[in-house]
Amino acid sequence: MNLTQDLDIWTLILNASVVVKVVMAILLVVSFMSWMFIFQKWFSIRRAISQTEKFEREFWSGNDLLALYQGAVNNRHTIGSLERIFEAGFREFAKQRGQKGTDTSDMVDSARRAMRATFQREMDFLERHLAFLASTGSVSPYVGLFGTVWGIMHAFRSLANVQQATLAQVAPGIAEALVATAIGLFAAIPAVVAYNRYSHDIERLANRFESFMEEFSNILHRQAVK
């Protein structure tokens with residue numbers, strides 16, 4: 001077998017030491033999971049943005065709040081995060097308003113607390129799996145580097161009894177060790193890019209949710225004093 005055949009990618013993987021093979025297998029599994037979460041988050045965030053924009057158009061078009069609330073209740077399993085926040089706030093406001101002697105500020109504060117609790121739950125859902133992407137992006141290169149260092153050590157140790165080492169003897173061992181680093185980078189780079197992009201999108205959604213809660217609280221305050 002010549003040097004070119006020895007440096008074929010599949011040959012390098014098959015001829016790697018056990019430790020390097022384990023490292024490669026772990027990185028490939030992590031990379032697969034990372035890509036799975038990347039696509040899942042892409043669809044969920046795109047859907048959240050679309051649902052938010054749709055509800056904002058309906059809300060600010062002047063529709064009756066009670067009608068919007070009934071629509072949210074009837075479609076509870078398909079509505080978006082912002083509509084759930086609205087539903088929680090309006091439900092708590094209506095409950096407090098139905099009680100005699102409740103102060104206006106208390107009604108609005110109760111609605112704001114209900115919206116804040118729902119906001120936290122929705123943010124937890126949107127941020128799910130982001131920690132995995134962050135960990136993949138930060139740890140994978142080091143795991144791959146560990147496999148590379150171990151592989152190089154193994155390659156040089158195998159040359160201990162050789163009188164004269166040549167490039168043909170050293171290159172395959174070093175090349176198979178470097179494959180681990182390459183796989184580590186292959187797992188890390190998409191995870192880092194996706195994490196930064198999705199974190200930015202989720203932060204923008206969070207700002208829109210918080211702005212809506214403040215504006216809706218003002219609307220509820222005006223409703224309460226009528």
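Predicted model: local features only at pLDDT ≥ 70, side-chain atom pairs only at ≥ 80, totals over all residues.
1. Helix 3 and helix 5. Helix 3 spans residues 18-60 and helix 5 spans residues 81-97; their axes come within 7 Å and cross at roughly 45°. The two helices are therefore oblique to each other. On the side of helix 3, Thr52, Phe55, Glu56 and Phe59 make the contact, and helix 5 contributes Leu82, Glu83 and Phe86.

2. The largest nonpolar core. This core holds 36 residues, and the members with the most contacts inside it are Phe59, Leu65, Phe86, Leu133, Phe209 and Phe216. At least two residues each are supplied by helix 3, helix 4 (65-74), helix 5, helix 6, helix 7 (130-157) and helix 8 (167-224). Helix 8 provides the largest share, 13 residues.

3. Leucine 65. Neighbours within four places in sequence left aside, leucine 65 is in contact with Phe59, Phe86, Phe90, Phe216, Ile219 and Gln223.

4. Threonine 118. This residue lies in helix 6, which covers residues 104-126. Is threonine 118 buried or exposed? Its relative accessible area is 5%, and buried means under 20%, so threonine 118 is buried. Beyond its neighbours within four places in sequence, threonine 118 is in contact with Arg84, Ile85 and Ala88.

Conventions: Residues numbered from 1 in each chain as written. Heavy atoms only, no water. Helix = DSSP H or I, 4+ residues; strand = E, 2+ residues; numbered from the N terminus. Buried < 20%, exposed > 50% of the residue type's maximum accessible area, 1.4 Å probe, protein only. Contact = heavy atoms within 4.5 Å. Axes fitted to C-alpha atoms, helices over the stretch in contact; angles between N-to-C directions. Parallel < 35°, antiparallel > 145°, perpendicular 65-115°, else oblique. Core = buried A, V, L, I, M, F, W, Y, C linked by side-chain atoms within 4.5 Å.
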